[in-house]
Amino acid sequence: MTETHRRTIRFKLNGRPAIAEIATHETLVEVLQRDFNLFGARESCGQGLCGCCTALVNGIAVSGCLYLAAFVDGAEVMTVEGLASGNDLHPIQQSFVANCAFQCGFCTPGFILMTKELLDRHPHPTTDEIRHYLSGNLCRCAAYPDIVRAVEAVSGQESDRSIDHP
Amino acid sequence: MAARYSESAAKVVEPPSKIKRKAPGSGQVKRSVRRLESKAKVDGSAEYIYNLSLPGMLYGKIARSSIPHGKILSIDATAALAVEGVHAVITGEDIRRLIPDPYYGPAFHDQPILALDKVRYAGEPVAVVLAADPHVAEEAADLIAVEYDPLEPVFDEVAAAKADAPIIHDTLKPAATFPDLKYLRGRSGTNVALSARVRRGDLEKGFEGSDHIFEHTFRNGKVSHAPLEPFVTLAEMNGPDGLTIHTASQSPSFVRSEVSRLLGWPENRVRVRTAFLGGGFGGKLYIKLEALVAACTLLVRKPVRIALTMEEQFYTITKHGATVRLKTGVKKDGRIVAREVETWWNGGAYADIGPRVAQKSGLTSAGPYDIENIAIDSHAIYTNEPPAGALRGFGVSQVVWAYESQADIIARALKIDPLEFRRRNILREGRPHATGMLMTDVDIDAILDRLAQRMEWDRPFDHGSETIRRGRGIAIGIKACVAPTTSVAMVNIYGDGSCGICCSTVDMGQGSDTAMAQIAAEILGISAEAIRVIHPDTDVTPYDMATLGSRSTYHMGNAVRHAAEDARAQLLRIAATALQTDIDELECQDGAVMTRSGGRMTFREVMVARFAMQAGNIIGVGSFIPPYEKPDHDTGQSRQITPFWMLGGAGAEIEVDTETGRIRVTKLVNVGDAGSAINPDIVERQLIGAGTMQFGFTIFEEMIINEGQVVNASFADYKIPGMLDLPHDLTGELVEVPHRHGPFGAKGIGETGMFCVSPAIGNALYDAIEVRVMEMPLTPERVLRALRQAQDRPLTND
């Protein structure tokens, strides 16, 4: 790093104002972990191909291992840690629990956030749409059938969900 | 507390009192409890070692060998050290000054912490750069210049076993932990780390008495474990003379003993702890980064963290490639009377657990069949490729690919239905296995029945037409659970009556925390959800051999059961005194000790009765080591080769596009014998998860290694199964044959779903297009080439 450019970014993180001093080459995942102690977005493949590092930036899922932290200046960032309301899990999280949609759990936050983006855009996806939408997220334990069931179950409750979480 | 299962079995069988009561049952086992850590895994708070950083920590980045075999002439770190922010560059010689004999490994002490004198594979760690900023360390690692004098490499396992092959290790250095490898010590001039044998009956006579003899050679390529949590290890000083290692490891107890051995320290100065693992699959076993990070920490006296990238995983450990030659003699009626199996395991440059893979999978490589005359030879071979180790099945899926593909060939040649052919040959209860051990608590007929039912085997099958052809196939497989291994557990009742389990089984997604809690809960009469399972920490949790080989439910499950029985006995003794009643009058139920006349003392009240206030501990201890008889060196014969047999079967329906060679699996049924499942839902998911992993290994996963260089070491070039690849009809099916000594009848099943998927798909491929592909994976290219060969119009470059 012969020459490191640094800057200050201000953004909203899980609904609260946030500020960070970053190097311009640093990724969103690095900054979330180092400066905010948030580990729900995790680097695995390092190439944006597995989905473990998924975070929502202005409601859009990004690969946090490639997405530069500098780009979230002024944006709203949501991680899996921001989904629950206090002790109450978000309905998507509840559905993942109810359908045992994980084993080791390392990829799970990525699947949950991708599901959030899916249901925000398409409240009633078909099973094929669910499979396609989540096809960029990988699960080496292969909890896929349970993940699909979890998403199907929660998308059925869409009307309830929007009341609970406007 | 060296409780043997025979003692505890007696305890379980005999009811605690003369009066007939329903068997002790709290309804905690055989119940699909949700994973205890469910909430933590969906809200982002689950603890992984990946999450850990330590104050003042340095990041390490590894510089790796660029050639597969060569002498190291020089390592020049000048440019790396000149990068601003670099704290240190560590080489093998630095480590040799700290640790005079810095070679490690579970079977052979052959792997240097960093390369010394020579490199044996491309990707081998040569130096480490330490810096407070990981980007600085990475940049500097690229600047380390190493000069090599290249040596001739060897990559193919069969070629490497030949007498004139280039020699990779000057002398063999078996670890003292395995007395049966002692005879190999100091042997030189060979790449054969070990040859295991099984001999039964008279092979030649068997072949002479055969009506038909079939001989084939099958191959498996190398694949990667690719757990999504990176391999990651941190170490820090623990006082002036101690070390704490935080590591994503499946074998914390082994890490402690091996690092202690390397340092010449007593084990009590090395603390190893782990957390949830983001997948392991056999990759995170034994020593991976731990010795390196420990050595770096001791050299710089600062905390050090090394995490591998996905690319580096491919250079660290792989599944074994294997060549299996199979010669089988059968009678006209389809009875197998003689079988000869020879397997060459491509172990790569360092043995890791390869010799054990060769030995253990060798001994079941004749299959789940009742054959009078058997000869098995299984060779662990060094090559100049990345090291191979355990991968969910310990070599079994490689040999099942061979013997179940051949079973299909034989059945078709004799015009016997493949399912019927297996029925005529399977090992049944009480019959001797190839090793001489009698089969117990098995029911392969039930597995075949379930396959027949789920595959609707008796119904006509549509084989497709034109360019889309359809086929179906089945396979069965056997594994002997690894032996002998030890597990120790503690069950701790705290002052308020709540309960914690201390055990070193690592929950890497298989659900062991939940299963252990269910077992203790069943004994103590409390709810599994109320128990806390303390994660492995060698300062806190007792010894366990490792989380591998589907051994935890059986071994640690029994240790936890003993520990809970010990704690319960202590609770009942105290309560009997307090209540002035006979201990036989008492039982544990709903978090309390109950008398038959309706008296009740909560666990908290028992603790107060013992310690005069809410204080103290009741600690139950249990240990378990199953009986084992070492196999005879020359014949592999043993009366007790394994604590339990693992059996599975798979069925596949596929479509093949004859224009592209692409296989689409439309249905995949995986049947496994779990004994009496502790948690049926989790077990079914293990079968589906393993089946999907092996499906990837069968259809597209393959490490492409060109002249020793892994050329597809990333998810961009190496594909693992995703949501769109899955068969739409994908099921895991339990067959429950209770095991007499398993905890509540349970057997291990984490690997069973791997065994049979590949030959089931390969056999379905033949059923579809009458083409037999002998080498995995069944990529479109390989299928199309084989099809065009069979049609006598080979592709141009064949």
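Which residues of the largest nonpolar core touch the most other members? Let's take that view first. Please keep in mind that this is a predicted model, in which local features need pLDDT of at least 70, side-chain atom pairs count only at pLDDT 80 or more, and totals for chains, interfaces and linings use all residues. Residues are numbered from 1 along each chain as its sequence is written, while chains are lettered from A in the order in which they are written.

**View 1. The largest nonpolar core.** Among its 310 residues, those touching the most other members are Val129(B), Ala489(B), Ile501(B), Ala520(B), Val560(B), Leu571(B) and Leu765(B). Helix 16 (residues 552-579) of chain B gives the most to this core, 11 residues. Such a core joins buried Ala, Val, Leu, Ile, Met, Phe, Trp, Tyr and Cys residues through C-beta atoms within 7 Å; buried means 20 or more other C-beta atoms within 10 Å, exposed 12 or fewer, and partly exposed in between, with C-beta atoms placed from the backbone. Helices are DSSP runs of H or I with at least four residues, and strands are E runs of at least two, numbered from the N terminus.

**View 2. Around Leu571(B).** Beyond four places in sequence, Leu571(B) is in contact (C-beta atoms, placed from the backbone, within 7 Å) with Ile493(B), Cys588(B), Val593(B), Phe603(B), Val606(B) and Ile618(B).

**View 3. Where chain A meets chain B.** Here 42 residues of chain A are in contact with 46 residues of chain B. Helix 2 (91-98), helix 3 (108-121) and helix 5 (144-156) of chain A each supply at least two residues to the chain A side.

**View 4. Ala18(A) in its strand.** Ala18(A) belongs to strand 2 (residues 16-23) of chain A. Ala18(A) is partly exposed because 17 other C-beta atoms lie within 10 Å.

Conventions: Contact = placed C-beta atoms within 7 Å.
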